[in-house]
Every structure is written in structure tokens, then in C-alpha cells.
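Here are some questions on how the terms used for this model follow from its values. Each answer sets a value beside a cut-off.

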Amino acid sequence: MGDPERAISRLGLPDSLVDFIENDWGITTLHPPQAEAMPSIMEGRNTMVCIPTASGKSLVAFMGIINQIMTKDIGSRGIYIVPLKALASEKMGELKELGDRLGLKIGLGIGDAPSEARQIDDCDILVCTSEKLDSLMRSKPEIMRRVSVVVADEFHLVNDSHRGPTMEINLTRIRHLLPEAQIITLSATVGNSQDLADWLDSTLIVSEWRPVSLEYSTLAELDLEPRAIQQSELTSEGNLNPPRTLTGPKSHIAWAALSDVYEQGGQLLVFVSTRRSSQSEAKKLGQRMHKHLAKLNPESLIPLKELSERLSRNSNSAMGDTLAECVKGGVAFHHAGLRHTQRTMIENAFKERILHCLCATPTLAAGVNLPARRVLVRDLKRYDDGMSRFLPVMEVRQMLGRAGRPRYDPLGEAWLACKGGDPREVADEIADRYIHGPVEDITSKLAAEPALRFHLLSSIATGGLNSRQTIGEFFSSTYLGHSQTHSYLQENIDSMLRWLVEKRFIRRKNIGTISESWDDETPSWVDAAQSASGVTMSAKKSKEPTEATFGFQRASSIAVSSSVIFDVEALDTEYEATPMGERIAQLYIDPLSADILIDGLRRAVRRIVRESLPVTHFSLCHLVAATPDFISFWPKSSELEFGSTLRQKAALVEDELLIESPIDERAMGLVKSAWCTEMWYEEEDLRDIEKKIGVTPGDVHSRTDLMAWLLLAGREVLLRDDVFAEEHLGHVAQLVGMIELTRSRVRAGCKEDLLQLVQVKNVGRNRARTLSKMGIRTPADLLAMSLTELDSLKSKRGWGPKLVEKIMDSVRILAVSGEQKKPRSDDEPLPGERHD
């Protein structure tokens, strides 16, 4: 392994960096794919690194960044882009270690911390999500001035319909603004890596090498058959292990896999398709494992019991109680419904090898770095678009790539569970698809309407693209433009520009003339058609037939049009964002969300003016839930049944709704989403919310965060809506006030009477309600509490002397900052001065 040609000391990196990597991280020699990538990176060329998980992509990127900002372009700045907040925190920790030694400041941009802005301005290396970088390039373009190197981690997620377009636009904009900046992309193996590298003018490094060999196997019932092996240089021979049969019940292959790997001193990751499956599997495995450990290793149950007790103390839901119970047996589940503190505790316990097994949804594969000796993909299908479909090969390979812990495991084991039909035939089919089959090509998702309208508006409002020609040129340089025909892209842009104009988010500054065309936009027959009598080009919309016609028609029924009509935006047409469009771009919301909010809030104003139908907090939350930016809950099948509590709730609030959905399931989902929020701000306990509508605390918090953000957006678009007469502006102001009150209640999760108390640090809605029952309603009431009342408060469960003292200190600070200033002498009016 110690090949001197691959020594880190030979790369020409700063001595301080080499010393840190060798002595603190214990790495002296590069892996083969790292060594292959470094010449291109050290020369400052764009480089795409497509190598397996745990093969050292991050180290390559770190060395590339340091090389640029400390050697090639001293004083410049680097940016490290990640797709997920959890991944950003992980990379931030690694770079912080490195930065502390080298004297570099590391900043974090994920949109959460209030101190972020200062860090972002001062840092040498910024770690951020794609969405945060997109927002920064719009609102603070000066941030990019000193940037000399950009790393895009998990680059294969360009294929993701949600995150991909933003990553694609970011890289396009960076190349547009900073043509000299080095771009390093880190990706899993994909089918069309060369095409992606060509788009970014990158040197491509592709390797299947892994630091720990990975053996791929199929598991049909209990029969395990190794199918292929990915070698590392540590393995002398590439021979597969012989097939074998596991011991255990055929009805529970996950237990057979767990008990088998436990005997070998390893850990297991089980990937399942749904949250519910992850919880039920963890519960069953935890019960079996607890009995197993009680017999074989009872001492190992002690730290598990301690972890369970910590989780119990932090639990406020039935799901949290289930997690604490599972952990007693060394098994946990991991999905997006967990709260941040729960996820962190579980991840740390697994890394420290306290837990033996994690049952997770596929999101974990793209998240934090949690490798295990063995990975079992139990569910290879997912319910999608109304039917059960096989998972993409790329997604399954990402899960399997988690197998094998460097420095801990001699071999990683990637197992695929095969179900249905003849087990052996199914196993062969699964192996052909996921082990021997090709990985799918990545495709751009920017052409989808939500992505295109979002980024098109932002490019006009804050991106400096004002003419049809510059817009076309910019989008032609995206991966969409690189991989699709020119005419397809331009037609999509024209269609979306017309929609944005129609909605008054942008306006045409001039009406251009179609005096020139894109190279391949206009078919050759158009020129011939235009030269014929009676054929012209027009910007008007054509009239489409209202119903399909089959077979023959009477000649008399065929209308002869005097013109052929084309919808084409002229290249010299210039655009500008309206005040509404600018604010929508700044708020970072989908223009369609804004359109839905505008329509609904106009209805609300009309209701207030006419004093007809009610406008309530529920009305506003339901409207927000209907926007594409909100992740609406879907009703369970039992909730769709006639007479269910959800249907009863829908009937009760029918008159309050500002928007309707023609799809019944969607309509019930919007009511459920607004109802969940209502329960939250009416101070219902999280356990009760979970019991009534099946929404876990993690989901309650994520949805209320979204709701508060979109209520702010609703207020902002209403303030910029200019359709109402002056006599109705008072009613608009009334609605603005109601939106702000709703937003305050959603953020705090309380009734209106507690809104002052929850402003005090360390006082949430539960503590505020406790104070309220003691007659304390405001911060001033807190300051006026007697010693007897304070002693009574300290004795209450969940309070204590230290907490009460912290709260009182916070109130005193508020009181000092809120004191009226002494009147200024220069504010005193002069004799005879007129008063406004």
C-alpha cells in the first residue's frame, strides 16, 4: 500500500497541510483513484471524480481547495457545495479541523443559524447547500468575487428532480460569472459520466477501486449466493466466497442477516421502502436481538439501556417511545420523521458501535457517512405513480456502497433480498439488473415546469439576464442545453416567459422583432411557408380544436385559416421583473406558489370587504398548504372513508377555504395539512397530534417551519398586489395583520395570549402556558414575580433554579433594551414650529 509514487508529501502541497493529513488523519499515501485525480486538480483544471463511496473523494476535494487558496491564488476563497444540511454539518466538522491547523476560517451556509451571515462574509472556505448558494448569488453577488475553486459533492444528484436543477443552475452561473474558477465535481459512478464531464470541460476520473473489497450477493429466502466482487489492493485474490445457507426463520431474513453478522463482529444496515417498514422491522429485530444479547453478552445491554433512557427523556411521541424501546436491543430506525436530536443520538451510537443495526429509508444512503460491515436492501421496489416499481440501479448502488468500514472491516458485504416467484429465478433477475447491469444515465431535470419557471424568473429578477438572447444563451450553457436540441429548449423558455408576463411577474420593456433566429429553431418549411400568399408569423395564440376528430370530415366543415401562427419571443425583446416578481425571486419561492397565494388572498380581501364568508387562521394555512412549495400530507386510506374524522373536519371548514382541489385525495390532504398546523398553534400535545392524524413530531416541526416561511411570502405578495382600489386598502391592511398573527402563532405553536411570553429565551409554549396558569402573561409580569412565586416555579417539574435564573436574566435584558430613551433636546419643537 505504501507506494512512494503515491505519497502525499510528493504532491507539492503546503507543508502545514501535509503535516496535518499525515499526523492528525494518519494518511500518508493516496489511494490509486486519488493519485490518478491529483495531477489534474493540482494544475487547476476542472475535474470530475467518479469513484465509489469511501474511496476518498472528499480528501481529493480538500487538497484541491487548499492548493488553490494557499498556493495558486493566495487570498482567494473556496466553496464546497453539498446537497443536504446533514452532509454540510459533517463536511464543516472535517474542514474545521483542517482550517484550525492552517489558520483558515470555515463558514457554514445552510439557512438556519442567525450568525451565518457574518461567517459567510469572513470565511476562506464556505460549506453550503445548493439552495443557500443559489440564494447568496442572487442576494449577495459580491460573495463570489474572490472565489477561485468550487467543489460540488454528490454531483450525480443533478438527476434528482428536486435538488438537481438548482445544482445545475449554480454550476452554470459559476462558469458564467467566474470562467477562470476551478470546478471539482464528486460523483458516484453514472452511465454518462463522459457527457457530464464534457459539459463542464472537465478531466474525467472513473474508477471502481475501493479501500475495502465489496462482495455483492443475492439472498433468496435463506440461500446466499455471492455474485461479484469489487477489489481493493489489499485483497490478494478476487475469488468469491462459496454460496451458503443462513440459519434462521425464512419469514424473517433480516434477522438471519443480523444474527450472522453479529457473530462476525460486524454491523448491519437494512434499507426498506417506507418509514412504517423501518419502524416495524426495527421493532421486530430489536426484540429478537435483546433476547440474543441477554443470553450471549448481557453486559452489552447496559450502554443500550442508557441510550434508551436518554431517548425516552427526549421523547414526546409514540414514535419516540418505540425508538427508545427498539434501542434496548441494539437496533434503531432512521428516517426523516425523526427530530434532529434523535437522529444525532442514533447516528453517533451507530458510529461508536453501540448499536448493531439500523433500519433506514433510502434517504440515509445520500445523507451522512454511516458505513457498516453488511448492507441488506430488503425492499427493491417502491410505490410510485400509482404502481410498484423497481428502484433505480444508481439508488441501489448508493445503498450497497455503504457496506465495508475502512480500517475496520476486511470485506464489505452487499446483499439484495429477492422476493416473489421462484426464489432462484428472481435472484438471477435481480443480479442481472443491480449487480451486472448498467447504471442509468443522468438527465437534466431543469426542463420541468416548476424548475424552469423558478430559475427563469430569478435569472431576470436577480441574475442580470434581461434580453431574450442572453436568456437563451445562458440556458443553452446548462446541462439541459448541452443534452437537448436547441429548439426544444428555446420553445420551453418562450412558453414560460409568456406565462411570467401573463402573471405580471415580468414585463416586456420592448416588443422585439423576429429579425433573426436560433440556428436550428425555425424549420426549413417555415421560410417556404412565409413566402406563400396568406401565411404570416404572429405572436397571438392559436386556437386549438376543443375535441378530437376521428375518420373523415365533410369538406365544408374544414375551416381554412388565412395564417399560420407561431408563438416565438423575438431575440431582441427585453424584460424586467415587476416589483412583485423581484420580491418573489428574493423570497425564493416558486412563481406558481405566488400565483396561488395571490388568487387566494384576493378572495380573502373580497370576503372581508363584503363581510360574506369567513377568513380565519385555518383559511390562510389551508391556502399555503396548496402551494407547490409546501410538502402536503397525504391522507391514509382510512381517512378517505365516508364519515372519517378528516372528512368531518373538511365539512366543518368548507366555508373557510380560499382554494379548492378537484382531486378528492389532494383536497383531503390539504385539509389534513392545515388541521395539523391548527392543532399545533392551538397548543395540542404532540402525542395527541400523532394519535389523531398520525403525524410525527419531526414532520410537525418541518411543516410548521414551511408554513411560517410561506405565510411571510403571502404577506409580502399581498403588500405588492396593486389591483385593489384605495378605498379597500384598509381591508388589505386588516388581512396583512391577520397573516402576521397567524404566522406568529405557527412559529411559536401557541394561542395569541402567549405570544409575548414566548419571546423570552428558554420559554417555549409549554413553559409559557405554565406561567399563564400562574397569572403571568407578559415579560413585565415575570419581573414582578415575588420570591414565593419564584420558589414555587423552581419546584415545578421540568423547571429548577438554574433554568428560572436564566429566564429571569433574559427578561432583565429585554427590559433594559426596551426601556424608553431619555428625550433628546433637539427633538423639542421650537416656539412657533408647526406640528404635522
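Q: What share of the contacts in the protein chain with a separation of 6 or more comes from residues 24 or more positions apart?
A: Such residues account for 71% of those contacts. Contact means heavy atoms within 4.5 Å.

Q: What is the basis of the model and its numbering?
A: This is a predicted model, in which local features need pLDDT of at least 70 and side-chain atom pairs count only at pLDDT 80 or more, while totals for chains, interfaces and linings use all residues. Residues are numbered from 1 along each chain as its sequence is written, and side-chain values use heavy atoms, with hydrogens and water left out.

Q: How many helices and strands does the protein chain have, and what makes a stretch count as one?
A: The protein chain comes to 32 helices and 19 strands. Helices are DSSP runs of H or I with at least four residues, strands are runs of E with at least two, and both are numbered from the N terminus.

Q: Why is serine 619 called buried?
A: Buried means under 20% relative accessible area, exposed means over 50%, and partly exposed lies in between (1.4 Å probe, protein chains only). Serine 619 has a relative accessible area of 0%, so this residue is buried. Serine 619 lies in helix H23 (residues 617-625) and touches Pro614, Glu656 and Leu658, not counting residues up to four places away in sequence. Across the 836 residues of the protein chain, 51% count as buried.

Q: Is glutamate 611 buried or exposed, and how do you know?
A: The relative accessibility of glutamate 611 is 71%, so the residue counts as exposed. Glutamate 611 is found in the loop between helix H22 (591-610) and H23.

Q: What class does asparagine 762 fall into by its relative accessible area?
A: Its value is 31%, so asparagine 762 is partly exposed. The residue sits in the loop between helix H28 (729-748) and helix H29 (765-773).

Q: Why is H16 called roughly perpendicular to H21?
A: Helix H16 (residues 449-461) and helix H21 (residues 579-587) pack at an angle of about 115 degrees, with their axes 9 Å apart. Axes are lines fitted to C-alpha atoms, for helices over the stretch in contact, and angles run from 0 to 180 degrees between N-to-C directions. Angles under 35 degrees count as roughly parallel, over 145 as roughly antiparallel, 65 to 115 as roughly perpendicular and the rest as oblique. H16 is therefore roughly perpendicular to H21.

Q: Which residues make the contact of H16 with H21?
A: Leu457, Ser458 and Ala461 of H16 meet Gly581, Glu582, Ile584 and Ala585 of H21. These residues divide into 4 nonpolar, 2 polar and 1 charged. Ala, Val, Leu, Ile, Met, Phe, Trp, Tyr, Cys and Pro count as nonpolar, Asp, Glu, Lys and Arg as charged, and the others, Gly among them, as polar.

Q: What makes S3 and S7 edge strands?
A: An open sheet of 7 strands has the order S3-S4-S2-S5-S6-S1-S7, with parallel pairing. Two strands pair if DSSP finds at least two bridges between them. Strand S3 (106-109) and strand S7 (203-206) each have a single partner strand, so one side of each is left without a neighbour in the sheet.

Q: How do you know that S1 and S6 pair?
A: Strand S1 (residues 47-50) and strand S6 (residues 182-187) run parallel and are joined by 4 bridges. In S6, leucine 186 is the bridge partner of valine 49. Helix H2 (residues 32-42) lies across S1, S6 and S7, at about 175 degrees to S7.

Q: Which strands does S14 pair with, and how are its faces placed?
A: Strand S11 (residues 268-271) pairs with strand S14 (residues 374-377) in the parallel sense over 4 bridges. S14 is also joined by 4 bridges to strand S17 (residues 412-418), again parallel. Arginine 374 is the bridge partner of leucine 268, and glutamate 413 in S17 is the partner of arginine 374. Both faces of S14 are covered, with Arg374 and Leu376 on one side and Val375 and Val377 on the other all buried.
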